[in-house]
Amino acid sequence: MSDGLSFDYIGKLIRSYRSAECTSLQALADRSGVSRSMIAQIESGQTVPTIAVLAKLAEAMNYELATLVQPPERALNISTSRAAKDNIISKVDSPFTCHILKKQSGLFTTEIYQFYFNEAGKTSFSANVRGSVKHLWLQQGKLDIYVAGNKISAQQNCLTTFNANIPHRLESRSEPLAKGLFFVVY
């Protein structure tokens with residue numbers, strides 16, 4: 001390990017894979033063509049594998065090679081979000097407060113929101129983009145969802161899913177007021 005670089009994360013990733021899959025050193029060695037002792041040395045940080053060895057292990061583990069060679073802080077893609085003043089997207093005078101927690105684009109775009117009613121009332125949503133679906137998790141309270149004239153009474157600790165490319169509204173008219181999360185996927 002020249003220049004003080006550490007590749008211990010590779011060994012930890014391989015060991016965590018084997019643990020999660022209940023796979024022995026020998027079973028991984030048989031699938032990959034890499035010797036059992038070499039895998040043990042990689043897991044314990046005693047040796048840094050060549051790219052050829054990593055390629056064999058990645059294939060046997062059904063991983064992309066990049067998964068094995070990326071440092072964990074990039075490979076794990078961990079982030080934390082919380083409701084704060086700077087991520088409120090609802091109107092100031094609304095009885096409804098909504099925080100955007102995450103928006104991630106890829107094959108599908110996913111937006112994650114936390115919401116709660118400050119007082120009894122309603123809020124309306126215009127149609128989301130074509131093909132979008134809203135998944136609403138009611139954590140507490142009472143909530144009615146109106147979609148195309150249909151009333152859906154959301155149940156506490158249940159997920160309600162509906163077509164979000166139709167204008168819709170949420171109403172919380174009595175105590176306890178509604179609080180939860182919703183996810184928009186398109």
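## Charges over aromatic rings

In this predicted model, Lys134 lies over the face of Phe182, 4.3 Å from the ring centre; a charge sits over a ring if NZ of Lys or CZ of Arg is within 6 Å of the ring centre and within 35 degrees of the ring normal. Arg169 is placed over the face of Tyr146, at 4.0 Å from the ring centre.

Residues are numbered from 1 along each chain as its sequence is written, and side-chain values use heavy atoms, without hydrogens and water. As the model is predicted, local features need pLDDT of at least 70 and side-chain atom pairs count only at pLDDT 80 or more, while totals for chains, interfaces and linings use all residues.

## Aromatic pairs

Rings of Phe, Tyr and Trp (its six-membered ring) pair if their centres lie within 6.5 Å; planes under 30 degrees apart count as stacked, over 60 as edge-to-face and the rest as tilted. The count by this rule is seven aromatic pairs. The pair of Tyr17 and Tyr63 is edge-to-face because the ring centres are 5.6 Å apart and the planes stand at 75°.

Phe182 also belongs to one aromatic cluster with Phe96, Tyr113, Phe115, Phe117, Phe125.

## Paired strands

Strand 2 (residues 110-117) runs antiparallel to strand 1 (residues 96-104), with eight bridges joining them. Strands (E, at least two residues) are DSSP runs, numbered from the N terminus, and two strands pair if DSSP finds at least two bridges between them. A hairpin of five residues connects strand 1 to strand 2, and Lys103 stands opposite Glu111 in strand 2.

Strand 2 also pairs with strand 9 (residues 179-185) in the antiparallel sense, over seven bridges. There, Tyr113 has Phe182 in strand 9 as its bridge partner.

Definitions and conventions
Helices (H or I, at least four residues) and strands (E, at least two) are DSSP runs, numbered from the N terminus.
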